[in-house]
Amino acid sequence: MKRDVYVFNNGTLARKDNTLLLTIDEKKHYIPVETVESIHFFGEVDVNKSLLEFATQHEILLHYYNYYDYYIGTYYPREHLNSGYVLLQQCQAYLDYDRRRYLARMFVAGATQNMLQILKYYQRRKGNLETTIEEILKLSEQIDEQETIEQIMAIEGNIHKAYYQAFNVILNQTAFYFSQRSKRPPKDRINALISFGNTIVYNTALSQIYQTQLDPRIGYLHTTNQRRFSLNLDIAELFKPVLVDRTIFSLLNRKQITEKDFQNELGGILLKDRGRKIFVQAIDEKLCTTVQLKSIAHRVSYKTLIRMEVYKIQKYLTEGCAYEPFVMEW
């Protein structure tokens, strides 16, 4: 399985014969190009045309973040698996409101089930989550009743509001008290972790879509408009609870990240370098972790599950197969 590379320091990335050469503070790091799927740049890293041509040849996506960990954009190589037929089916499903609404419902329903799985897991370990679980179950029953995608997203917002309140029970740490969701800038440490982790998952989903025939610009829950990509946001909804939230709980409960790993910036809270590296490493390890699901004969990684989810959506769009969203089994 190919891996993601994360670059936090300033330096240069260039092609050296048939490999990648990363130079940081005059130290040279050779990276076999065949092993790389995507590269995430958090530092100021210079690249040239030769490197971009090399990345295109080996189908490597380059994701860029600024100093504040905000996603800037992606170098998306020339599409190599694009299909006119699949693109037409994607567009037709988007323009057919009933089909678009169906997919939107499935994304929200699947994400909700994964949130409930996590809450039930911590209910068994810590307790005091019965009320939240009941509230989310009642809200989830309303998903299929909604006539518009805007109404579906409103239910999703209420589900997330209830779900996030459970963070304080799961963590039970004054330094990581969560009040409400805030972005750009995040107003507390939990929001900083959520926003940063979600961005990593969005870009991981984008990299997996690139390896299929689907076009990432056409989403169904998240409106296809002036934003560059939206399908990856849809797919990421299913995996954020499993990949991001569980990683946050694990790192904080084990004291691997503490309040010392954050700083005040631009009226908000951001991760320092140490905390950022620990968090990214933990999410990357999670992506590479293999799991056994009842519906699959062999163990697969979470990253593979994301790509399989894209294939399931494609089968719905092109073959009319019923789409069942990913729900984690414990």
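Helices (H or I, at least four residues) and strands (E, at least two) are DSSP runs, numbered from the N terminus. By that count, isoleucine 278 is found in helix 9. The structure described here is a predicted model, in which local features need pLDDT of at least 70 and side-chain atom pairs count only at pLDDT 80 or more, while totals for chains, interfaces and linings use all residues. Residues are numbered from 1 along each chain as its sequence is written, and side-chain values use heavy atoms, with hydrogens and water left out.

Leaving aside its neighbours within four places in sequence, isoleucine 278 touches Leu251, Gln256 and Ile257, where contact means heavy atoms within 4.5 Å. Glutamine 256 is 22 residues away from isoleucine 278 along the chain, and the C-alpha atoms of the two are separated by 7.8 Å.

The next element to meet is a sheet. Strands of a sheet pair through backbone hydrogen bonds, either parallel or antiparallel. Here, two strands are taken to pair if DSSP finds at least two bridges between them. On this basis there is an open sheet of four strands in the order 4-3-2-6, and its pairing is mixed. Strand 4 (27-31) and strand 6 (45-46) each have a single partner strand and stand at the edges, so one side of each is left without a neighbour in the sheet. Strand 6 runs parallel to strand 2 (residues 11-16), and two bridges join them. Glycine 11 has valine 45, in strand 6, as its bridge partner. Helix 1 (residues 49-57) lies across strand 2 and strand 3 (19-24), running at about 60 degrees to strand 2. For such values, axes are lines fitted to C-alpha atoms, for helices over the stretch in contact, and angles run from 0 to 180 degrees between N-to-C directions. In the loop between strand 3 and strand 4 lies aspartate 25, whose phi is near 50 degrees, a positive value in a residue other than glycine.

Turning to the helices, helix 3 and helix 5 pack at an angle of about 5 degrees, with their axes 10 Å apart.

Spaces in the model were searched on a 1 Å grid over the protein atoms alone: a cavity is a set of points where a 1.4 Å probe fits but cannot get out, a pocket is an open set with protein on both sides within 12 Å along at least five of seven lines, and lining residues have an atom within 4 Å of a point. Grid points are joined across faces, edges and corners, and a volume is the space filled by probe spheres set on the points. The whole structure holds one cavity of 30 Å³ or more, and the largest cavity has a volume of about 60 Å³. Its lining includes Met115, His160, Asn198 and Asp245, and helix 8 (231-253) supplies the largest share, four residues.

The largest pocket contains about 890 Å³ of space. Of the 36 residues that line this pocket, the closest to its centre are Arg181, Lys183, Asn198, Thr199 and Tyr202. Helix 7 gives the most to this lining, with eight residues. The second largest pocket has a volume of about 490 Å³; of its 18 lining residues, Arg246, Thr247, Ser250, Leu251 and Arg254 are the closest to its centre. Helix 8 gives the largest share of that lining, six residues, and the classes divide into six nonpolar, six polar and six charged.

One backbone detail remains. Proline 185 has its place in the loop between helix 6 (167-171) and helix 7, and the peptide bond from arginine 184 to proline 185 is cis, with omega near 0 degrees.

Technical notes:
Ala, Val, Leu, Ile, Met, Phe, Trp, Tyr, Cys and Pro count as nonpolar, Asp, Glu, Lys and Arg as charged, and the others, Gly among them, as polar.
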